[in-house]
Amino acid sequence: MKKFTLFFLFASIFAFNIIVAQDMNSKVTTGVIAYDGQRYDEAIDKLNEAVAKYQTDNALLKPKNAVKAYYYLMSSYVRVLSDPALKAKFEPKYADLEGRAFDAYMNAKGNLDKAGGDKGAFSNGITLAQQMLFPAVFNKGANLYMEGSKDNNAAKYKESLGLLAKAKELDPENYLPYFMLGYAQFMTKDSAGAIVSWENAIVNYDNAKAKGTVKADDNMSNVYITLSENYMSFKKDTKKALETIEKGIKEFPTDGDLKRTELGIYQRDASYLQAAMGKFKANLDANPTDIDVRLAYANMLEKSGNNEDALNQYKEAIKSQPNNFVANANLGAFYVNKAAALSEDMKKTEDENEIDRLNSAIKENFRLAYPHIKKAHEAKPEELDWIDQMLQISSFLTGEPGMDDESMIFVKKKEALRNKK
């Protein structure tokens, strides 16, 4: 009797599985009919239920029906995404339509060999779906990145990462997903991943240009800039950074930001000082009104010991822009540094005549520094460094017209600033 009962129980379970399988296969049929009738919400619900069961137990769907379910689920999502009115209607019910469509596409493509006689038709449909899905998925990912950049929203960046990675899979030869993915990775502190993405963006862009499938995209200049910057800051690879930025300049020869980035890279690595000076001089000869380049060139000349040339460049910068903060700060600092060097020389001698000569020279350099340091202070009156510089200069020039009062003014300013903090 017990054996009979056990057999009956097994038979009941087997019969139940057959009923469930029949039910799931019928849901696929119902979903396809709903799709044909443009009832996409019904199609999505029925087909989602069928594939969800299939994923827990492959026996619940015939292999051919499993492919059909994924294919028509994918097609339903694509239809919704391609119609703004339908998309607006369905978004509240189905979160992440683009991600859902991508998953259905990948499953339909991955199971295509099981489609039997439908394989040819399904293959064509999957190719068409890929072409329609790519812009939808990429644009959603790019828009999420832009939304995140408004308030540095980490959740938006993370969401954009997932969609941009999907866009990359949909069209691995397109440079745009790698372009945007690199920025999303960079903003989520994945510099290593960003570098790889930007490298791929450049490769794909070059290939597309060679094939004539894309025209020059000025936005790509930003990739050359950010990639070279990351080679410098993350990999500490000046050579690679320069190779990248030079390639960018060749691609976009009129882009001033690329050229400035190149000069900045040269400026940041002391081992490239001589090469940097040549680059800066050439750039300055071509753009004599570019005060930023002139000041950077002057700074490098000073570092290399070419003080007279440096001084001439600083003076030229001041002549063109008398109130420029950097020009005044650098020229003032030049004279202060010269005074400091003379002070060190004075410590090394006991010759009274030499001491008097050096003391006079120190005072002269402080007098020359004074108007420029004062302008730097006036530009940034709350910065303690400039108050200290003014106090040092005025104290050293005590006894000269106005300097006693000036010294007391900066003593009070320094005290007030400290109390404020």
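The secondary structure here is 19 helices and zero strands. On overall form, the radius of gyration is 35 Å, well over the 22 Å that the globule rule gives for 421 residues, so the protein is more spread out than a compact globule. The C-alpha trace spans about 125 × 55 × 45 Å along its principal axes. Keep in mind throughout that this is a predicted model.

Some totals next. Of the 421 residues, 42% are buried. Taking contacts with a separation of 6 or more, 56% are between residues 24 or more positions apart. The accessible surface comes to about 22900 Å², and carbon and sulfur atoms account for 53% of that. As for charge, there are 57 positive and 59 negative charges, and their mean positions lie 8 Å apart.

The largest nonpolar core has 125 residues, and the members that touch the most others are Met74, Leu133, Met220 and Ile393. Helix H3, residues 63–81, supplies the largest share of this core, with 12 residues. Which residues does Met74 touch, leaving aside those up to four places away in sequence? The list is Ala101, Ala104, Tyr105, Ala108, Gly125, Ile126 and Ala129.

Next, backbone angles. Most residues other than glycine have a negative phi. Gln38 is not a glycine, yet its phi is positive, about 65 degrees. Where is Gln38 found? It sits in the loop between helix H1, residues 2–36, and helix H2, residues 40–56. Gln38 is exposed, because its relative accessible area of 59% is over the 50% cut-off.

Lys189 also has a positive phi, near 65 degrees, and it too is a residue other than glycine. Lys189 lies in the loop between H8 and helix H9, the latter covering 191–211. Is Lys189 buried or exposed? Its relative accessible area is 76%, so Lys189 counts as exposed.

Gln185 is buried: its relative accessible area is 12%, and the cut-off for buried is under 20%. What does Gln185 touch, again not counting residues up to four places away in sequence? The contacts are Leu161, Asp190, Gly193, Ala194 and Ser197. Of these, Gly193, Ala194 and Ser197 have numbers within the 191–211 range of H9.

To recap, the model has 19 helices and zero strands, a nonpolar core of 125 residues, and positive phi values at Gln38 and Lys189.

Key:
Residues numbered from 1 in each chain as written. Predicted model: local features only at pLDDT ≥ 70, side-chain atom pairs only at ≥ 80, totals over all residues. Heavy atoms only, no water. Core = buried A, V, L, I, M, F, W, Y, C linked by side-chain atoms within 4.5 Å. Buried < 20%, exposed > 50% of the residue type's maximum accessible area, 1.4 Å probe, protein only. Helix = DSSP H or I, 4+ residues; strand = E, 2+ residues; numbered from the N terminus. Contact = heavy atoms within 4.5 Å. Rg over C-alpha atoms; globule rule 2.2 N^0.38 Å. Areas by Shrake-Rupley, 256 points an atom, 1.4 Å probe, with all protein chains shown as cover. Lys, Arg positive; Asp, Glu negative; His and termini not counted. Charge placed at Lys NZ, Arg CZ, Asp CG, Glu CD.
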